Amino acid sequence: MASIVSVNSLSVAYRSGGQDVSVVHEVSLEVAKGRTLALVGESGSGKSTIAATLLGHLRHGSRITGGSVQVAGSDVFALPARELRRLRGNTVAMVGQNAGHALTPSMRIGRQIAEAGGTVPVVELLEQVRLPRPAELARRYPHELSGGQQQRVAIAMAIAARPDVLVLDEPTTGLDVVTQRSVLDLIAALRDELGLAAVLVSHDLGVVAHMADEVTVLRSGRVVEAAPTRQLFARPQDPYTRRLLASVPRLDDTGLALVGETGEREVRPRADVPDDAPVAVRAQDVTIDYGKSRTVHGVSFDVRRGEVLALVGESGSGKSTLAWTLAGLRPPSGGTLTHEAGDLAGPAHRRPLSLRRRVQPVFQNADTSLNPRRSVGDAVRRPLRFFGTAADRTEAAERARRLIADVRLDPALADRLPAQLSGGQRQRIGIARALAGEPDVLIADEITTALDVSVQADVLRLLDDLRRERDLACLFISHDLAVVRGIADRVVVLRHGVVVEEGPTEAVFAAPGHPYTRQLMAAALEPDPDAQPYVDDTLDWVDAADEDDLWTDQGDSHRVRRWRPLNAPVAEGVS
Amino acid sequence: MFSFIARRTAAGLGTLLLSSVLVFLAVQALPGDVATQVLGKDATPDAVSALRGQLGLDQPAWERYVDWIRGALHGDFGTSLVSAKPVGGEVAMYLGNSALIALITVLFAVTGSIVLGVIAGLYRDRWPDHVISTAGLVGMSIPEFVVATVLVLCFSVALPWFPAVVLYGPEASVGQLLPAVWLPALALAIVMAAYIVRMARTSVIDVMASEYVTTARLKGLSTWRVVTRHALPSALLPTLHVIALNVAWLAGGVAVVENVFNYPGIGKLMLSSVQNRDLPVIQAIALISAVVYVACNLAADLGAMALNPRLRTRGRTR
């Protein structure tokens, strides 16, 4: 079949300091009608740049240095402005990464969709992307919609003029697993229904395995490997592809996967946490309020020394709120939160110094949580002096270098500014800074979410090493079940601020008892096109917990909040 | 939305009340006794105390404040110590003349500078941007009285198009003043525009680099539509408050420029009343400046609401 998209040895460069810096180097690819091609790679691989060239778009300062892009028979970069405008929207349309930023805040969504052209009525388009009450929704502004709804609106906008090619640039990256799954299903259905060719840009190999017919792997602007999806995932040829694939955590890993240089994978058994390990932090019936609304309803858990406890849930489940409270950034409105060395209910600035240094947070965005004007060595040195763990200046400098080495970085990096480090290196500095107070409790809030898979694997490994070496209690917060499976010893599943299931990782993953846990597992995507997805056969359900009978005990401290299928008699109820 | 407007209006009124107290206290704190000042150093103590009684200066301060405010609410600001005419009418006459300049200035400065700012932003780092930005910087760094003097040199001395000074008194009609208005208005507009142009340019550049503008372009929309529908509403938001501050600044900027042109406006009245210690007039002018500031900021808040649906739809549920 003839290709509708064909990119021929395309090179793109931007000018920086009077020199051309190449971002895409002689890349060629073809997409046939009705097929989906995935562009895979880590940050800086040039995948988004290539995708945007299909619409004749280049970032400010970039230019084509060679090759051509042909879409539906016309050379995109040779088209006059008017023709190019007609191509955009009518022939090729794009769905961007973050619909929250891609929709104009001052315009009603109905008008934004209508503007995209085409003859299909707006209401019909909104119905097509499965949005409820489309007529009313069309009159809303973008900020009045949830993230998932915004992404659906962006899709509606893209298919409005019935294009032939859909360019999807990380279409689900900002969404949580359950929403991601439903948006991907929608895209697949529309693609098949409208016979679209699609170019999917993603760093998530699970998404790619689920959606694509062919895959092109990119690294630093060059094609590393291109193959049909099934072949690529089964027999990756290039060592880089192999390493990339091996770095993706799997739902059936029984421990942390360690990845070698050429992509061999070895699963390290979990660390043994002795039964009598002392409890480092105990939360009991903790409630947290934002103004009048309660986001965390009576949550209890223990974290023991040397143990990683994962808090899992969608956005809005209250998991990050709990982390903030534990770090002393938001006082709880009820319940008790205690450390072996004192009470953690107060805000951080009221905690005695000796207690404060023992509970330390690491944040999701290392780039925004480090002061951009201070060297990273300084960032690590300051808490050393502040907590009095280093006696004087020279000792602090020496200890900071050692801590930086402890997080497997070259101590020579100490003089750099955060902007001069990569994302993974910055996150390591974030960890080193937290370790400076010699804590026994580490709060890791989505610390790998913003990182590339191979970097994520390294950071997870570092965290696992550290808790073994330093006997750290770690509260690990994540929405990614596969990551949790590898690193955590125990799991607490949160939904709307309520614990619905908790237990040892193995037990919870082997036999998830609560329908919400099953829903999360079913939504997780494995990097394997033939993966048998976890089937969620639970129908609608309701919470059936009452005051004195909250839990169904499944043994080995694995317990599930009581629930019952909807429309079923109460007596039959409990799963 | 209504609670937003109500809150802003209430805050504005509160600010006004507070500034009226400050104005009153500041005038009280001026050194020297008013009666002595008016009558001169050689006045007999009897005459001084008689005038004090006449002016009400023997009553406690808070009573005088209440009287003053009550009068001000009805448009009665007392009697001028110099001309012995009601302050309200006198101030209104000068204010009207100044309003003529202010109106023309605002009209030209705001529309002109937004257009220039947007052009500079759209042609970022190309020649139109360089020309506009450099001109703006020059306008910003030269004080308004220098700009005014240069304008006089160019357009009334070298090219005798406009009168250099106004020869009419405050009672002049609009028709008489109109030819004299353009140079002062231009001088003020140049200084004022510089700030607005810079702000508009920066926010247009920010917004044009945003993802939603890129999305709008990739939908195949024309540049005109992308700019007017998608970029401008958001780009004008931060500019709005800069405009409000500048319009409020006019109240002060006008004083200097009016003196250069001998224009019978509020600035001239203010200067002469300060020289003559005409306290009721000074109080009235200070209060009116406060009203202008509050009104400008309230207008900016309401404008922001019109441009930003987040403010309008607050409280509505998802």
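**Reading helices, contacts and backbone angles**

Q: How many residues does helix 7 of chain A have, and what span does it reach?

A: Helix 7 (residues 147-159) of chain A has 13 residues and reaches 19 Å from its first C-alpha to its last, close to the 18 Å expected at 1.5 Å a residue; the expected span is 1.5 Å times one less than the number of residues. Helices (H or I, at least four residues) and strands (E, at least two) are DSSP runs, numbered from the N terminus. The model is predicted: local features need pLDDT of at least 70, side-chain atom pairs count only at pLDDT 80 or more, and totals for chains, interfaces and linings use all residues. Residues are numbered from 1 along each chain as its sequence is written, with chains lettered from A and ligands numbered from 1 in the order in which they are written.

Q: How many residues of helix 7 of chain A are buried, and what covers them?

A: A residue is buried if 20 or more other C-beta atoms, placed from the backbone, lie within 10 Å of its own, exposed if 12 or fewer, and partly exposed in between. In helix 7 of chain A, 12 of the 13 residues are buried, among them A:R152 and A:M157. The cover includes strand 6 (92-95), helix 4 (109-115) and helix 8 (177-194) of chain A.

Q: At what angle do helix 11 and helix 12 of chain B cross?

A: Axes are lines fitted to C-alpha atoms, for helices over the stretch in contact, and angles run from 0 to 180 degrees between N-to-C directions. The axes of helix 11 (residues 266-276) and helix 12 (residues 279-307) of chain B come within 9 Å and cross at roughly 140°. Helix 11 and helix 12 of chain B are therefore oblique to each other (under 35 degrees is roughly parallel, over 145 roughly antiparallel, 65 to 115 roughly perpendicular, and the rest oblique).

Q: Which residues of helix 11 and helix 12 of chain B meet?

A: Two residues are in contact if their C-beta atoms, placed from the backbone, lie within 7 Å. B:I266, B:L269, B:M270, B:S273 and B:V274 of helix 11 meet B:V281, B:I282 and B:I285 of helix 12.

Q: Where does a residue other than glycine have a positive phi?

A: One case is A:E26, with phi near 45°, in strand 2 (residues 19-32) of chain A. A:E26 counts as partly exposed, because it has 15 C-beta neighbours inside 10 Å. A:D556 also has a positive phi, of about 55°, and counts as exposed with 10 such neighbours inside 10 Å.
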